[in-house]
Structure formats: C-alpha cells, structure tokens
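Please read the following explanation with the sequence and the structure open beside it.

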Amino acid sequence: MGVIVDYKDVEIERSGKNVLKGVTFSLSKNEFLYLVGRVGSGKSSLMKSMYADVPIAKGKSVEVLGFDLLNLKAGKVPYLRRKIGIVFQDFQLLQDRSVSGNLRFVLRATGWKNKGEIEDRIEEVLASVGMANKSYKMPHELSGGEQQRIVIARALLNKPELIIADEPTGNLDPQTGYQIVTLLHELADSGHCVVMATHNLQLVDDFPGKVMKCEGKQLIVE
C-alpha cells in the first residue's frame, strides 16, 4: 500500500493563530477518511494544508504524494495540486460555458494540448460519474446533484491519487447527498484515497470509513 498522506506532529496556523497542533496520521490508497468537527475546528485548514493552500507552521515531517510540504518551493505547488482532485461544496463551475467547456478549461490550464486526448478524457470522466449524456448542458440547466457530479468529474481529470471533498453534500438534499457519497466511496474502492469533511454524522454511520475529529485544536482518531 503506497502511503498518500503522512503527517507527523504537525502544527497548522491561520492568520497567525494556532488552529491544530500535534497532528499525526497517515492515509494510503483505497482509504476513505471522514473529517468531522464543529465549524471553525480546523477541518478546512487541514484539508487546505494538504494542497499547500494553508502553510504548515511546523512539524517533524509532512508528505503528500511524495512532496515534502515543509520544504515545498512555490514553483512545485502546481505539480502537487495536479495530483489532487478537489471537490468544493459550492461547485465553483464556470457559468458561461458548458459542462465539457468547464472540463476542457481545466485540462488546458494543466498542460493538456492534444485535442483528441482532451475530448477522450472528458468523455471518460463524465461516464465515470454517470453524466455521459450531459456534456452539452450549461451549469444552470443541471440540478445540484448533477452539478456536484460534474465537480467530481472535474476533480478526476488528471487521474489524482488523492481526492479532497469539503462538505460535498452541504448544498444537496439527503437523497442526492447519499448518491454523491456512494460515488466517492466507489472512487476509494477503485484505488483513490478520499478525504471528506462533513457535518452529517448519519452519512458516517451509513457509509463506514476511517473517522477523525477536529476538536480543541487536536485531531482525534475516533
């Protein structure tokens, strides 16, 4: 099992204030981790630290996908992020272009140049999230659940080993939320490592995985 994320005695700060300290955990392929805890407890900060959006204040060692985050130069950050798929709660789709246009934009921005390969990859990821027939649709023509499936497809474009999902069901009705979590678990089963922050403890009960709680500036393994 290849280790994907490895934190040893890590401290995370935001705006000069300590958010989490003594963070120690590791994750491998096929693992599904739930991050739970109150708003402001550090869940998002921990997730953002994994793709170098929040800097690590200090730690014995921090590795994500083979990158040493304690000594990561700014020029290397895009290479780290290309190996990570990020699923946002509020979708963040470009409203002025179609589903395929959104995906094409990301592929071109991350260095894909061959038109045929771009179109093939778009077809592949849309099929993998059950949206193969929606490529021509505009985001406003899709339901919330469909938009979140497109966001997951976008996260999969560069074949990431790690998928980070920050409250991916937060804006969805319960039934649609279940469908999205089912899809994320299927991705973990197929070889990805998935980290998902959630307030919905019913989901955690219904779709078992590793659980860690952010509380009192600590990360507690449940």
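Where does Lys 137 lie? Lys 137 is in the loop between α4 (115-128) and α5 (144-156); helices (H or I, at least four residues) and strands (E, at least two) are DSSP runs, numbered from the N terminus. The model is predicted: local features need pLDDT of at least 70 and side-chain atom pairs count only at pLDDT 80 or more, while totals for chains, interfaces and linings use all residues. Residues are numbered from 1 along each chain as its sequence is written, and side-chain values use heavy atoms, with hydrogens and water left out.

Lys 137 is buried and has no salt bridge. Buried means under 20% relative accessible area, exposed over 50%, and partly exposed in between (1.4 Å probe, protein chains only). A salt bridge is a side-chain nitrogen of Lys or Arg within 4 Å of a carboxyl oxygen of Asp or Glu. For charge, Lys and Arg count as positive and Asp and Glu as negative, whereas His and the chain ends are not counted. The nearest side chain of opposite charge to Lys 137 is Glu 141, 5.0 Å away. Apart from neighbours within four places in sequence, Lys 137 is in contact (heavy atoms within 4.5 Å) with Ser 98, Val 99 and Leu 142.

Val 99 leads on to helix α3, where it is one of the buried residues, together with Ser 100, Gly 101, Asn 102, Leu 103 and Leu 107. What covers these buried residues includes α4 and α5. Just after α3, Gly 111 has a positive phi of about 100°.

Which residues other than glycine have a positive phi? Phe 91, with a phi of about 70°, is one of them. Phe 91 is in the loop between β7 (84-87) and α3 (99-109), and it counts as buried because its relative accessibility is 12%. Asp 9 is another, with phi near 50°. Asp 9 belongs to strand β1 and, at 39% relative accessibility, is partly exposed.

Now to the rings. A pair of aromatic rings is described by the distance of the centres and the angle of the planes. Rings of Phe, Tyr and Trp (its six-membered ring) pair if their centres lie within 6.5 Å; planes under 30 degrees apart count as stacked, over 60 as edge-to-face and the rest as tilted. The structure holds three aromatic pairs. In one of them, Tyr 7 and Phe 25 have ring centres 5.1 Å apart and planes at 35°, so the pair is tilted. This pair links distant parts of the chain, 18 residues apart: Tyr 7 is in strand β1 (residues 3-14) and Phe 25 in strand β2 (residues 17-28). Tyr 7 is buried at 0% relative accessibility, and Phe 25 is buried at 6%. Phe 32 and Tyr 34 also form a tilted pair, 4.9 Å centre to centre with 55° between the planes; both residues are buried.

Tyr 79 has charges over its face: Lys 76 at 5.9 Å from the ring centre and Arg 82 at 5.3 Å. A charge sits over a ring if NZ of Lys or CZ of Arg is within 6 Å of the ring centre and within 35 degrees of the ring normal.

How many disulfides are there? The count is zero, a disulfide being a pair of cysteine sulfur atoms within 2.5 Å. Cys 193 is buried, at 0% relative accessible area, and Cys 214 is buried at 2% relative accessibility.
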